[in-house]
Amino acid sequence: MKKTFNTEGYCDPEYNYMVDLSSRLSDIKAMVDQGKYFTINRGRQYGKTTTLMALEEYLKPEYAVINMDFQMLSNADFESEQRFVSAFSREILCNMDMAPAPVREELESYSGSAVSNVTLSVLFKTIVKLCQTMGKRIVLIIDEVDSASNNQVFLDFLAQLRAYYLKRRKVAAFQSVILAGVYDVRSMKKKIRPNEDHRENSPWNIAAGFNIDMSFSEKDIAGMLKSYESDNHTDMDIDGMAKRIFDYTHGYPYLVSDLCKILDENIAGSKEFPRKSDAWTERGFQEALKVITREDNFLYESLLGKLKVNSRLKALLQEMLFNGKLIPYVATSDYVKDAAMFGFIRNDNETAVISNRIFETVLYNSFISEEFAESRLYTAGVQEKNQFIVGGHLDIRRILEKFIDTFHELYGEEDEQFLENAGRKYFLLFLKPIINGVGNYSIEPQTRNSERMDLVIYYQGEQNILELKIWRGNAYNERGESQLSGYLDYFHMKKGYMLSFNFNKKKEAGIKEIVLGDKVLVEAVV
């Protein structure tokens, strides 16, 4: 069977192109060998299930593994202690074909629908017998543990696991327990019972920290591409392509696989890229970026759905993206924990940054789209679109000229604070309909701050570099020109653009060209 890149659930190395997980599995097994109980918490579609399935096979030579998925249980299974015990017993039986007969008989007696008096305490006494008689140490893995995280029965179950962990020198217990999901069950502290006030408890404070990196490195991605190349012979630059993919995904597993899948199945074979060798190129990659940032997939739906119910998190991300606000990565901060837990941000030298450039573009597009209907700048971009395309090329200078005119007409009387906060957003609102359907853009993350942001505009295989900046005086402006010149060197380009938001009342709005050595900078001042 022909191998494919997979984005739908568990990846199987026999059928799918995958990165080599062996080093991660070895690191996780080391924690199991040490008898650690821990949680694996990562954002949606971060490869947790694939890792756990591979881990089960990796551990089997040495351990007996119970690997269950709480999504396989119904909501009704968590309604009472008895129903949970019954469902959990059935799951153990499905996983433990070789369990000793007396233990199997006890578990079978608990799993019947008519059982009404079996408690968690009784179940754990049977689990002790299982651990004593199995012949191998037992590892319990529970995936999608979020499914039960707000349920009192599950909290009581965690409390039992904790109790047996603490006395396992005297009583047989699981060698290791691994709970996986998006939410960290260590943070569940509210115990809720009918007619009682909330009371604090930490049923999972025994969990060891899980610091194993589950993202894909450039080397990981290159290894997967080598396997693909050996089957498809595209003559791609493997290391170069791996670097491109990493630069835009920062190794987020789903995004890596999705980009590769788009290149293999959508871009290759298209009119513009008829062969696979045409697709696995810089230009083909840019086409794939257009596709992936415009998809309507479960991952984006999950991310953006969090912002609909968390206005504080949404405001934080907007400040980071549009205003370049620097947010310290303080692990104990609730809003930082939430943003990291859902996958929006990562820690970069103790500063919170958006997880990857694809998420950045998706967030920019989402935030901008909320203003399409009301934005006069967006409407102006739609109406004027045709004049900015000359011979199939994007006329950036003309875009800047029209933006200045329209911006002054619409917002010339607004105060400085409003303009400084909204300027970048409004330019993107104006640009979006002009390049929509054909072009794309991205923000260079290392240049985004409160004063400067570099925008790379892709259109018909061409790149244009545009620096958006807040005017801070002539000296700062000259530094900005020098920085942009250096950035053009990086992209091997001779022409760049600068859009300055200047709040000096004596400013000279308009456009001028500046020659710096062998480069030309077109500067527009609003």
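Which element gives the most to the lining of the second largest cavity? That element is α5, with 3 residues, and the points below place this cavity among the other features of the structure. The model is predicted, so local features need pLDDT of at least 70 and side-chain atom pairs count only at pLDDT 80 or more, whereas totals for chains, interfaces and linings use all residues. Residues are numbered from 1 along each chain as its sequence is written, and side-chain values use heavy atoms, with hydrogens and water left out. Helices (H or I, at least four residues) and strands (E, at least two) are DSSP runs numbered from the N terminus.

**Cavities**

- The structure holds 5 cavities of 30 Å³ or more, a cavity being a set of points, on a 1 Å grid over the protein atoms alone, where a 1.4 Å probe fits but cannot get out, and its lining residues having an atom within 4 Å of a point.
- The largest cavity contains about 80 Å³ of space, where a volume is the space filled by probe spheres set on the grid points, which are joined across faces, edges and corners.
- Among the residues that line the largest cavity are Arg283, Glu287, Tyr458 and Gly461; the elements giving two or more residues to this lining are α11 (282-294) and β13 (452-459), and α11 provides the largest share, 4 residues.
- This lining divides into 3 nonpolar, 5 polar and 3 charged residues, with Ala, Val, Leu, Ile, Met, Phe, Trp, Tyr, Cys and Pro counted as nonpolar, Asp, Glu, Lys and Arg as charged, and the others, Gly among them, as polar.
- The second largest cavity has a volume of about 50 Å³, and its lining, which includes Tyr37, Phe124, Leu161 and Phe174, consists of 9 nonpolar residues, with no polar and no charged ones.
- α5 (120-133) and α6 (152-166) each supply at least two residues of the lining of the second largest cavity.

**The open sheet of 4 strands**

- An open sheet has the strand order β1-β4-β3-β2 with parallel pairing, two strands being paired if DSSP finds at least two bridges between them.
- β1 (37-41) and β2 (64-69) stand at the edges with a single partner strand each, so one side of each is left without a neighbour in the sheet.
- β1 and β4 (residues 176-181) run parallel and are joined by 5 bridges, and Ile40 stands opposite Ala180 in β4.

**Strand β17 and its partners**

- Of the 7 residues of β17 (residues 519-525), 6 are buried, so this strand is largely enclosed by the rest of the structure; buried means under 20% relative accessible area, exposed over 50%, and partly exposed in between, with a 1.4 Å probe and protein chains only.
- β15 (residues 495-501) pairs with β17 in the parallel sense over 6 bridges, and Leu499 has Ala524 as its bridge partner in β17.
- β16 (residues 510-516) runs antiparallel to β17 and is joined to it by 7 bridges, with Lys512 opposite Glu523.
- The hairpin of β16 and β17 has 2 residues between the strands, and Gly517 takes a positive phi near 65 degrees there.

**Two histidines with positive phi**

- Most residues other than glycine have a negative phi.
- His233 has a positive phi near 55 degrees, lies in the loop between α7 (218-232) and α8 (238-249), and is exposed at a relative accessible area of 62%.
- His250 has a positive phi near 50 degrees, lies in the loop between α8 and α9 (253-267), and counts as partly exposed at 30% relative accessibility.

Note on methods: 1 Å grid on protein atoms, 1.4 Å probe; cavity = no way out; pocket = protein on both sides within 12 Å on 5 of 7 lines; lining within 4 Å.
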